[in-house]
Amino acid sequence: MSALGSEWISDRSREGSATGCDSPEGNHGPSQQRTSKKRKVLSCYACRDRKLKCDRVFPVCGRCQKTGRRNECTYDPRLLEESHVSAQADGGAPCILAQRPADSNGPTDTPDALRGKIGAQEKRIAMLEQQLALQRTRNSSQYTDVVLEEPTLGEDIMFRGKGFKSIFNGPTSIMGIISSYNELQVFTREALNVDHSIMRVKNDFKAFRDRRKKAAREHPLGGDGSDANIFAVLPEKSIIDAQATLYFQTWETSYRILHEPSFWEEYRAFWEGSGSDKERAAFAAVLVLIIVVTKCLKPKDDTFIGDTTADRQAATDLIDVCEVWIDRQPRRRVTLAFFQLRCLLLLAKRVNCIGMKEDWVASGELLRIALVSGMHRDPALLDNSSLSPFDAEMKKRLWATTMELELQSSIESGFQSGLTGLHFDAPAPAHLADEAFSADTQELPPEQPEGQFTSTSYLNISLKSLPLRVHLTQLLNTSLANMQYADVLHWDAQIQAAISALPEWSSESNAVPYALLRLQLRQYLLILHRPWAQLASKNSRVMYSLTTCVDACNSIIKTHADLLSKGILALSNLRNDTVRVGLTLSQVVFQNCTLNMVESSIAPPGNSDTQIADPHAHFADLSMVKPRGSLGGTLYFATLPHQSFLIKMLCISSIEILERTRQIYDQKIFRLGAGYMEHWLMSAAVGMLPPPPSPATSITYINNGSDDILSRCRKSLDCFTTVAYRVLSLQQDQRDGLVVSLRDTMASTSHSEGRTPSTNGSVLGAPNGYGATPAAYEHSSFVQLNGTNVGLGDESDPKDMNAMLGMMPNIQIEGNGWSFPDFWAFDLGGEF
């Protein structure tokens with residue numbers, strides 16, 4: 001009795017002690033059996049049913065392990081729970097059941113063993129779920145998370161045309177902004193109703209364009225593509241000397257196409273007359289393209305030939321000659337000179353705003369030629385004897401440059417990049433100056449420290465953010481419908497981190513790569529946050545997007561202003577940042593202002609289906625894509641918001657940034673003679689916004705005393721017509737048929753209602769008489785930028801803003817989807 005009692009007591013005490021794992025199983029009499037009903041079963045069920053001794057090893061005891069009954073070896077769930085609690089209290093392993101060592105003998109991968117493990121784990125999961133439910137019941141709270149509603153975003157695309165003559169622009173293109181900015185379209189229709197003379201001016205420019213196209217067909221400038229045509233267009237050596245030096249100081253600090261020491265060595269040999277005729281012709285083509293790339297980079301007051309500057313017209317003629325010659329060259333043997341010429345041609349067109357509709361196709365073709373040549377793979381995979389260190393380094397440079405050119409073209413066009421999903425393992429170019437190696441180098445020297453600037457620093461640093469930019473281009477050009485605001489914040493953090501990691505260079509010699517590294521990242525901030533920033537006044541959760549847009553726009557404009565103040569026009573001519581900033585910031589400010597519906601002075605738009613339907617229709621009346629947004633075609637008058645002080649101050653700051661943006665863009669117009677349509681859109685985008693507040697005694701306050709829709713329309717028209725009058729005054733030949741007919745047309749045009757006739761008669765006559773500064777710039781808080789002389793005409797002088805709308809041959813915002821359908825038909829500048 002005492003023995004039996006001592007056994008029972010021993011078992012009960014061992015259940016709560018650290019050594020209870022070794023307590024033997026009792027085989028008791030009837031009285032103890034009645035008590036055992038409340039006891040936990042320490043042995044596994046299989047050994048207990050067979051009345052065999054069990055070593056109580058978890059998850060499979062030793063006896064079941066040896067007899068092959070692993071699937072039958074299960075324990076009382078209460079044992080598992082008590083073992084778990086004891087382990088948490090003592091900080092050790094469970095005490096009721098012993099764990100089998102990892103190196104224990106016996107098969108562990110048999111089907112029976114696996115089924116046993118699965119059964120044990122299922123029981124443990126059930127026990128844990130029961131404990132979790134019990135804990136939730138004990139710690140219940142009435143608080144529940146609020147499910148935030150995500151705004152529904154549409155797809156900002158421009159898809160227009162008829163039949164197969166249709167054109168598509170994706171969300172990241174500037175045309176995507178325009179398609180979603182329906183309020184701008186309504187305002188421009190209202191503004192153009194103030195002046196009705198566009199059709200008369202259109203006929204003058206159409207006649208001029210027709211004469212120029214006919215002359216080009218009868219006497220093609222490209223010739224027959226012979227070597228003699230290339231040599232014939234080469235200027236004298238002194239001019240090429242200066243242009244080549246400027247080229248290496250500007251473009252070769254970022255995009256790497258040529259090797260400078262090798263170039264100057266070939267340059268000397270070229271003028272000495274050495275080398276074969278084929279080599280000399282190829283190098284002559286390189287020289288011509290260098291002249292084209294740098295033709296419009298120097299700040300100066302250029303004269304105009306019709307609708308373009310004299311320098312840009314010369315660049316266009318040289319591009320025609322080079323393009324015909326390059327197309328005639330065989331592709332059977334792709335050489336270094338072949339890729340250099342292709343890259344230079346692509347850069348020459350882009351920096352002079354020529355053939356921009358074909359830019360994405362041309363850059364994609366260059367990328368695919370590089371892929372076929374294997375430039376995307378590591379040159380080390382080739383036999384060392386077949387590829388010199390010089391050639392391997394030049395392949396890496398050209399591949400990195402091609403990727404950057406193609407990716408930026410994809411952003412501007414709104415298409416997927418050819419780099420999306422592409423595997424490439426070509427390493428970054430060596431961090432070396434050009435003087436560190438040559439064509440005879442057998443082994444490259446050690447690279448320079450990463451912090452030291454070299455001519456390949458831009459490509460090396462840009463490659464670090466390339467995967468991020470490629471992925472964002474794919475994401476943003478797919479659809480924003482499934483993007484949550486948390487995703488926006490995530491990608492914002494990635495972009496900001498990439499910007500913070502950029503080096504700080506202080507030398508003026510690296511100003512272009514320093515600015516380019518930042519511009520190509522900040523443009524994604526605008527694209528990413530623009531849809532959300534428009535909702536800031538309605539949803540405080542997205543207030544960060546509004547502040548980010550304003551800050552990014554200010555940084556981009558400051559970067560361009562700093563370059564222009566140093567006389568560097570390269571990035572201003574190459575990129576569309578100012579237009580993107582102007583339209584983005586205007587749309588964001590307008591949507592966050594207080595909007596009051598006003599009555600329009602024109603009839604509601606018709607139902608024209610295409611741009612060919614009505615030659616006199618306005619672009620806001622054309623069905624390009626279905627307008628989205630609640631405002632529809634209603635005309636609204638925007639005033640500064642009053643509910644939120646932060647939003648009001650951000651809107652005021654944005655309006656000042658927009659004035660500065662327009663000043664910067666004026667310099668691009670008068671240096672290239674292109675982009676007039678963009679200027680009109682920016683003039684309207686700024687003019688439709690409320691003026692910034694000013695003291696009651698200031699001239700600005702007096703001028704804005706009668707602020708209404710009509711006065712804002714006049715302001716937009718005035719800003720644009722000042723540009724028209726200056727272009728007319730800068731014509732190279734004042735006796736040209738276009739100038740004479742256009743002057744007569746504008747002089748006979750009746751002034752718009754409420755607009756004061758000109759008091760300055762020198763604008764049309766004097767080539768250098770630019771008049772006074774209009775009110776939009778006179779009262780701006782920003783000073784005039786250095787670089788080109790952007791003198792603008794008197795705001796009381798403009799007569800007809802429509803005089804400028806015909807001067808748009810290769811504009812980057814294609815006018816084909818805009819107003820005056822047949823007016824734009826002759827503005828395409830060639831077939832697609």
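Start by selecting residues 485-500, helix H19, and residues 511-533, helix H20: their axes come within 10 Å and cross at roughly 160°. (Helices here are DSSP runs of H or I, at least four residues, and strands are E runs of at least two, numbered from the N terminus; axes are lines fitted to C-alpha atoms, for helices over the stretch in contact, with angles running from 0 to 180 degrees between N-to-C directions.) H19 and H20 are therefore roughly antiparallel to each other; the label is for angles over 145 degrees, with under 35 being roughly parallel, 65 to 115 roughly perpendicular and the rest oblique.

A word on the model: it is predicted, so local features need pLDDT of at least 70 and side-chain atom pairs count only at pLDDT 80 or more, while totals for chains, interfaces and linings use all residues. Residues are numbered from 1 along each chain as its sequence is written, and side-chain values use heavy atoms, leaving out hydrogens and water.

Now show side chains. On H19, pick Tyr485, Val488, Trp491, Asp492, Ile495, Gln496, Ala498 and Ile499; they meet Leu521, Arg522, Tyr524, Leu525, Leu528, His529 and Trp532 of H20 (contact means heavy atoms within 4.5 Å). Colour by class and you get 11 nonpolar, 2 polar and 2 charged residues. (Ala, Val, Leu, Ile, Met, Phe, Trp, Tyr, Cys and Pro count as nonpolar, Asp, Glu, Lys and Arg as charged, and the others, Gly among them, as polar.)

Next, go to residues 277-293 (H13) and 310-327 (H14), whose axes come within 10 Å and cross at roughly 150°. This pair is therefore roughly antiparallel too. What classes of residue does the contact of H13 with H14 have? Select Ala281, Ala282, Ala285, Val288, Leu289, Ile291 and Val292 on H13, then Ala315, Leu318, Ile319, Cys322, Trp325 and Ile326 on H14. The count is 13 nonpolar, no polar and no charged residues.

Look across from Arg160 to find Ile167 in S4, and across from Gly161 to find Ser166. The hairpin has 2 residues between the strands, and Gly163 takes a positive phi near 65°.

Last stop: residues 43-75, listed by UniProt in an unreviewed entry as "domain: Zn(2)-C6 fungal-type". The end C-alpha atoms of this span lie 7 Å apart, and the span is 33% helix and 6% strand. UniProt positions follow the numbering used here, feature names are shortened, and annotations may be inferred rather than shown by experiment.

How values were computed. Two strands pair if DSSP finds at least two bridges between them.
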